[in-house]
Each structure stands twice: as C-alpha cells, then as structure tokens.
Amino acid sequence: MAIKDIPIELRPREKAIHFGIEELSDSELLALLIGSGYKGKSAIDVANDLLSSYFNSMYSLSNSNLTSLMAHTGLKEAVALRLLATFEFHHRLNSPKYQKQDSIKSTDEIYLRYQYLENYDQEVLILIMLDSKNRIKQEKLLYKGTFDSFEIDIRQILQEIILAKAKSFILIHNHPDEANYASDNDILATQVIEKSAKNLGIKLIDHIIIYRGGYCTIKGEKDNKQKENLGNLYT
C-alpha cells in the first residue's frame, strides 16, 4: 500500500507527531528511518519486507551488517548506513559506559562544572534535573538576559522537571557584574520556585550563583543572614 493511500493521521510521520513516537510499530519506526520506498513499494512495505527477512525480530535486525542490509531489495547504501548508525547508537546507550550518569556530591563540583559562566557578559539561568540518587538526568539552559528582569515562568521550570521525571533540581545563574552575593530578588525568586516545587513533591537542592572568581549559594546566603540576625540579638 502506498503511503498516500493511508489516512493522513495514520501515516508514520503524522502519527508520531500527533500521538508520540512511542506509538509507532516496529515497521513504522523503520519506515521513518528508510524515508521513502521505490516504484510499487512504500517505505512501510520495504520496512515490513526487511523485518520479515530477519524473522520479524528487531533484535536480529539491529545486529545485522552493511552487506546483509544491502542485499535487501530497495535498500540503498545511505539508508542502510542510517539504519546501522541508529542500531549502533542504541547499542552504545545500553552499554555500561554510556549508562553511567554523573552524580552530584557537592556545590564545589557544580561550580567546577559551570565555572566557564564566569566569563559570560550576559546572565543565564540553568536547570539541572536529578534522579533519586542525585544523578544528573538532564541539564537545560532556560533563560538569557538580566536576572533581575527575568520573567521567570515557574510552570516551565516545573514542566521540564516533570517531563524529565526528576526528583529534585538545582538552579544556576551567573553574575556578570561580579557581585559575589545573592540579591534580594535572587532569594525571593528562589523561595517562590522552591515552594511551588515542594507542593508537587519536588525538592530544590540549591540555587548557585557564579561570579568571577567564585560562587555562592542561595541557601548559604539565607543561613548567613539568619546567623547575622541571631548575632544582632546579642549585641
């Protein structure tokens, strides 16, 4: 059956867009990678023929080689290489080397990881999302601009965390003006974000501010201010 004869909403590409890539069958996924068929056969037909050549086993197909794939009618070298690259990508992701995730153990580690922000002349806000063992699941640059003028979309931050299925998160931003402390706006914005996240059972580990020559943390600043206030009671 030609692709044009399939209802639009059920064609592999449109189906992936509207219902999610995970809803595609094995042959539909292959059809997307194959791209197009040839006279008399659609990409899905080629995908079905290819699967049947490997006993309808994606595992067997993923362990094929270029010569074997090239022997399949209608499969060009560029397409065969694309399939092999996809299979190799999958194999690597499932190897111990690539499954190892960076674990966050201290704010010093985070500072060293993002120390390059000291040289930025523009403020940026970065979101680090962690799993239950404080391993990094995702890192994302959220904003560029002046932090005081950020129109922080808390819903976007929480949405990113929820989509990543993270259990906790860390915020990082830089101070191009070299201020080595958290401003009142920094602290207030962090408190609002932390409270909103807590209501969803998500923990804010800390908010780290990087300036030229070092860093400070919002929680550290709050602790210092509390100590100063307590000290003032006894002076």
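Student: As H1 passes H2, is the crossing left-handed or right-handed?

Tutor: Heads-up: this is a predicted model, with local features needing pLDDT of at least 70 and side-chain atom pairs pLDDT 80 or more, while totals for chains, interfaces and linings use all residues. Numbering runs from 1 along each chain as its sequence is written, and side-chain values use heavy atoms, leaving out hydrogens and water. Helices (H or I, at least four residues) and strands (E, at least two) are DSSP runs, numbered from the N terminus. A crossing is left-handed if the near helix is turned anticlockwise from the far one by less than a right angle, right-handed if clockwise, and H1 passes H2 in a crossing that is left-handed.

Student: At roughly what angle do the axes of H1 and H2 cross?

Tutor: Axes here are lines fitted to C-alpha atoms, for helices over the stretch in contact, with angles from 0 to 180 degrees between N-to-C directions. The axes of H1 (residues 12-19) and H2 come within 9 Å and cross at roughly 110°.

Student: So why is H1 called roughly perpendicular to H2?

Tutor: Under 35 degrees counts as roughly parallel, over 145 as roughly antiparallel, 65 to 115 as roughly perpendicular, and the rest as oblique. The roughly 110° crossing therefore makes H1, relative to H2, roughly perpendicular.

Student: How many of the residues in strand S3 are buried?

Tutor: Buried means under 20% relative accessible area, exposed over 50%, partly exposed in between (1.4 Å probe, protein chains only). Ser-168, Ile-170, Ile-172 and Asn-174 point one way and Phe-169, Leu-171, His-173 and His-175 the other, all of them buried. For S3 (residues 168-175), that count is eight of eight.

Student: In S4, which residue is the bridge partner of Ile-172?

Tutor: Strands pair if DSSP finds at least two bridges between them. In S4, the partner of Ile-172 is Ile-208.
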